[in-house]
Amino acid sequence: MQIELSHLVPLPLRDKLQQRPSDIWNKELSFAPGSFVKIKAPSGSGKTTLVHYLYHIRNDYTGQVLVNGQPWQAYDKETLAAMRQQQVSIIFQDLRLFEQLTALENIELKRLMLPRPYCTQEKVLEMAERLQVTHVLPQSGRTLSYGERQRIAIIRALVQPFRWLFMDEPFSHLDDDNAQRAADLIAAECKGRQAGFILTDLDNDHRFAYDVNYHL
Ligand SMILES: Nc1ncnc2c1ncn2[C@@H]1O[C@H](COP(=O)(O)OP(=O)(O)OP(=O)(O)O)[C@@H](O)[C@H]1O
């Protein structure tokens, strides 16, 4: 699945962006399928905005986000929904768990969305074990710590098929050991699907073998 940016400029940041260089904004850019892409930027420079443009839940920009050669706007609602179930997955910065559901129900809701789920519940339990959140699976989303929420949101993003995974500061609530465990799981799941990811973060890191590093 091909993702390209063509002179993408967020309307709310238009004036601010003219004051500094960027590898991403207002550039022609193609993300190679299967590549691990890191985009680094300080707070308030548009990381969340970019991730929302990539997932097409915001479109207040000039320029284009092209998916398989077509702008996101060319896809109808049904196709878009199917692509979000099968081709692109996301870990939101604000995590977006349903608080009235348990941690496990949050994951299962996503896993069972497809008539033929991509992975088994055993696989979910295995991922939970690996990220050390097995004990919180029956717990209400409302009562989870932010670090627990983040790991549940990571697992939820990994239970579906995808060609690209978008991640917005996915380890912001995790200590180094937990972050590395989560990164290793994400890398393995991407490799298993021959999928790529686009990850935004504040700082440099060596958690992944990135193919490319950009400054936003
Ligand atoms: N819909 C909007 N209208 C106006 N301004 C906006 C809008 N969305 C975001 N902004 C502004 O755009 C800038 C970038 O916001 P964004 O959340 O994308 O940054 P970020 O790099 O993800 O920040 P952080 O690291 O703090 O999460 C901020 O100054 C924000 O106030």
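**Group meeting: the domain, its ligand shell and its core**

Take residues 3–216 to begin. Their end C-alpha atoms lie 17 Å apart, and the span is 34% helix and 21% strand. Helices (H or I, at least four residues) and strands (E, at least two) are DSSP runs, numbered from the N terminus. This is a predicted model: local features need pLDDT of at least 70, side-chain atom pairs count only at pLDDT 80 or more, and totals for chains, interfaces and linings use all residues. Residues are numbered from 1 along each chain as its sequence is written.

UniProt, in an unreviewed entry, gives residues 3–216 the feature "domain: ABC transporter". UniProt positions follow the numbering used here, feature names are shortened, and annotations may be inferred rather than shown by experiment.

Now the ligand. Which residues surround the ligand? Pro-12, Leu-13, Ala-41, Ser-43, Gly-44, Ser-45, Gly-46, Lys-47, Thr-48, Thr-49 and Gln-93. Near here means a C-beta atom, placed from the backbone, within 6 Å. By class, that shell holds three nonpolar, seven polar and one charged residues. The classes: Ala, Val, Leu, Ile, Met, Phe, Trp, Tyr, Cys and Pro are nonpolar; Asp, Glu, Lys and Arg are charged; the others, Gly among them, are polar.

Lys-47 brings us to helix H2, residues 47–54. Seven of its eight residues are buried, so H2 is largely enclosed by the rest of the structure. Buried means 20 or more other C-beta atoms within 10 Å of the residue's own; exposed means 12 or fewer; partly exposed is in between; C-beta atoms are placed from the backbone. The buried ones are Lys-47, Thr-49, Leu-50, Val-51, His-52, Tyr-53 and Leu-54. What covers them? The cover includes E1, strand E3 (36–40), E4, E7 and strand E8 (196–201). After H2 comes His-56, with a positive phi near 60 degrees.

Next, the sheet. It is open, with four strands in the order E2-E1-E4-E5 and antiparallel pairing. Strand E2 (28–31) and strand E5 (70–71) are at the edges, each with a single partner strand, so one side of each has no neighbour in the sheet. Pairing takes at least two DSSP bridges between two strands. E1 (residues 3–10) and E4 (residues 61–67) run antiparallel, joined by six bridges. Pro-10 has Tyr-61 as its bridge partner in E4.

His-7, in strand E1, has a positive phi of about 50 degrees although it is not a glycine. His-7 counts as partly exposed, with 13 C-beta neighbours inside 10 Å. Glu-169 also has a positive phi, about 45 degrees, and is not a glycine. Glu-169 sits in the loop between strand E7 (164–168) and helix H7 (176–193). Is Glu-169 buried or exposed? Buried, with 20 other C-beta atoms within 10 Å.

Last, the core. The largest nonpolar core has 54 residues; Ile-154, Ile-155, Trp-164, Leu-165, Phe-166, Phe-197 and Ile-198 touch the most other members. Helix H6 (residues 146–158) gives the largest share, six residues. A nonpolar core is a set of buried Ala, Val, Leu, Ile, Met, Phe, Trp, Tyr and Cys residues joined through C-beta atoms within 7 Å. Ile-154 touches Ile-91, Leu-131, Pro-170, Ala-182 and Ile-186, leaving out residues up to four places away in sequence. Contact means C-beta atoms, placed from the backbone, within 7 Å.

Leu-185 is in helix H7. With 18 C-beta neighbours inside 10 Å, Leu-185 is partly exposed. Leu-185 and Ile-155 are 30 residues apart in sequence, and 9.1 Å apart in space, C-alpha to C-alpha.

Definitions and conventions
Contact = placed C-beta atoms within 7 Å.
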